[in-house]
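Biologist: I would like to learn how to read salt bridges in a model. Could you take me through some?

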Amino acid sequence: MKKFLLPVALFAAFALTACGDEPLDSACEQADKTKSCDITKAEICSDEEIEEVYYTYNCKKYTDVDELISVLCPNATEMDRYEIRKSLSAQGKRLLDRIRVNAIRAI
């Protein structure tokens with residue numbers, strides 16, 4: 001009986017702590033660190049169905065990268081914002097490329 005309850009309890013604990021609003025067919029990864037601001041608190045996600053990148057932070061979905069930067073780095077200069085956008089864009093492209101490769105391999 002105990003062997004059965006442990007996996008159920010772990011699953012329930014994970015389900016309660018997850019945001020729950022991400023689509024089932026999405027892939028997410030932690031944002032890469034940048035010099036000017038700690039954006040590693042955010043996740044970059046891609047909806048596999050429509051191949052769009054979005055961001056999550058504190059269980060809130062952001063489709064506008066500038067809005068995310070304003071929340072995470074309110075004191076960032078324009079040059080900092082440019083570097084953060086560039087980093088997030090490159091990471092989002094890599095995520096989409098990985099998803100596409102995995103989809104081709106699955107066929």
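Biologist: Which side chains meet in a salt bridge with an N to O distance of 3.5 Å?

Modeller: Side chains of opposite charge can pair when their charged atoms come close. In this predicted model, aspartate 97 and arginine 100 form such a salt bridge, at 3.5 Å from N to O.

Biologist: Where do aspartate 97 and arginine 100 lie?

Modeller: Both sit in helix α3, 3 residues apart, which is about one turn of the helix. Aspartate 97 and arginine 100 also belong to a network of salt bridges that includes Lys93.

Biologist: What is the relative accessibility of aspartate 97, and what is the figure for arginine 100?

Modeller: Aspartate 97 has 29% and arginine 100 has 33%.

Biologist: Which salt bridge links distant parts of the chain?

Modeller: Look at arginine 85 and aspartate 66, whose side chains meet at 2.7 Å, N to O. Arginine 85 is in helix α3 (residues 78-106) and aspartate 66 is in helix α2 (residues 65-72), with the two residues 19 apart. Arginine 85 is partly exposed at 27%, and aspartate 66 is partly exposed at 32%.

Biologist: Which residue forms a salt bridge with lysine 60?

Modeller: That partner is glutamate 67, and the closest N and O atoms are 3.9 Å apart. A salt bridge needs these atoms within 4 Å, so this pair counts. Lysine 60 is partly exposed at 42%, as is glutamate 67 at 36%.

Biologist: How many salt bridges does the structure hold?

Modeller: There are 6 salt bridges.

Technical notes:
Residues are numbered from 1 along each chain as its sequence is written. This is a predicted model: local features need pLDDT of at least 70, side-chain atom pairs count only at pLDDT 80 or more; totals for chains, interfaces and linings use all residues. Side-chain values use heavy atoms; hydrogens and water are left out. Buried means under 20% relative accessible area, exposed over 50%, partly exposed in between (1.4 Å probe, protein chains only). Helices (H or I, at least four residues) and strands (E, at least two) are DSSP runs, numbered from the N terminus.
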